[in-house]
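The structure comes first, and the notes follow by topic.

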Amino acid sequence: MRSTLTLTVLWAALLITACSRSQEDPRHQEVRTAAEQYCSSLIGQQADRYVEGLYGYARMAPEMQSQLKDAAAQFGHNIAKAAVKPVSVHATADSLWQDSAVVFLDILFADSTTEAIVLPMLREDGTWKVR
């Protein structure tokens, strides 16, 4: 009798775990996709798209917006001149807490090396933005 009860409890625990994983919070995929897109924009010399994805961008003074775009464009230009260029970005994991997250990304370079980075993210008006 005791082994039957133990087996029943074990099966119930496995079922609960399986169900909870299948109903994972969709914000995980949303924040990972947003982080991949913003990072890809930056390394792909799309400075405007990257900077517009910064948290608080819409509330910044136009001069600040312009300076940020110039800095991001310079960064993209420097990447384009690098001996080994990044070719893709892939989110590997995230840590989500309410409307904030950190996303772990792997950047793949043309020589097949990778670099792991962490991108902090905040939700602003329903959209994930770079912090």
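Leaving aside neighbours within four places in sequence, Val87 is in contact with Leu108, Phe109 and Ala110. The model is a predicted one. Val87 belongs to strand β1, which covers residues 86-97.

**Val87**
- Val87 counts as exposed because its relative accessibility is 52%, and the cut-off for exposed is over 50%.
- The C-alpha atom of Val87 is separated by 7.5 Å from that of Ile107, a residue 20 places away along the chain.

**Largest pocket**
- The volume of the largest pocket is about 210 Å³.
- Its lining is made up of 13 residues, of which Cys39, Ile43, Phe75, Ile107 and Ile117 are the closest to the centre.
- Two or more lining residues come from each of α2 (27-43), α4 (62-81), β2 (100-109) and β3 (114-124).
- Helix α2 gives the most to this lining, with four residues.
- By residue class, the lining of the largest pocket holds twelve nonpolar residues, one charged residue and no polar ones.

**Largest nonpolar core**
- The largest nonpolar core has 26 residues, and those touching the most other members are Tyr50, Val103, Leu105, Met121, Trp128 and Val130.
- Elements that give two or more residues to this core are the helices α2, α3 (47-52) and α4, together with the strands β1, β2, β3 and β4 (127-130).
- The largest share of the core comes from α2, with seven residues.
- In soluble globular proteins, nonpolar side chains tend to be buried together.
- Not counting residues up to four places away in sequence, Leu105 touches Ala35, Glu36, Cys39, Val89, His90, Ala91, Thr92, Glu115, Ala116, Ile117 and Leu119.

**Pairing of β3 and β4**
- Strands β3 and β4 run antiparallel and are joined by four bridges.
- Arg123 stands opposite Trp128 of β4.
- Two residues lie between the strands of this hairpin, in which Asp125 takes a positive phi near 55 degrees.

- Most residues other than glycine have a negative phi, and most peptide bonds are trans.
- Asp125 is a residue other than glycine with a positive phi, near 55 degrees.
- Asp125 sits in the loop between β3 and β4 and counts as exposed because its relative accessibility is 79%.
- Gln45 is not a glycine either, and has a positive phi of about 60 degrees.
- The loop that holds Gln45 runs between α2 and α3.
- Gln45 is partly exposed because its relative accessible area is 47%, a value in the class between the cut-offs of 20% and 50%.

**Glu52**
- Glu52 lies in helix α3.
- With a relative accessible area of 39%, Glu52 is partly exposed.
- Apart from residues up to four places away in sequence, Glu52 touches Tyr57, Lys69 and Lys129.
- Glu52 and Lys69 are 17 residues apart along the chain, and their C-alpha atoms are separated by 8.6 Å.

Note on methods: Residues are numbered from 1 along each chain as its sequence is written. This is a predicted model: local features need pLDDT of at least 70, side-chain atom pairs count only at pLDDT 80 or more; totals for chains, interfaces and linings use all residues. Side-chain values use heavy atoms; hydrogens and water are left out. On a 1 Å grid over the protein atoms alone, a cavity is a set of points where a 1.4 Å probe fits but cannot get out, and a pocket is an open set with protein on both sides within 12 Å along at least five of seven lines; lining residues have an atom within 4 Å of a point. Grid points are joined across faces, edges and corners, and a volume is the space filled by probe spheres set on the points. Ala, Val, Leu, Ile, Met, Phe, Trp, Tyr, Cys and Pro count as nonpolar, Asp, Glu, Lys and Arg as charged, and the others, Gly among them, as polar. Buried means under 20% relative accessible area, exposed over 50%, partly exposed in between (1.4 Å probe, protein chains only). Contact means heavy atoms within 4.5 Å. A nonpolar core is a set of buried Ala, Val, Leu, Ile, Met, Phe, Trp, Tyr and Cys residues joined through side-chain atoms within 4.5 Å. Two strands pair if DSSP finds at least two bridges between them.
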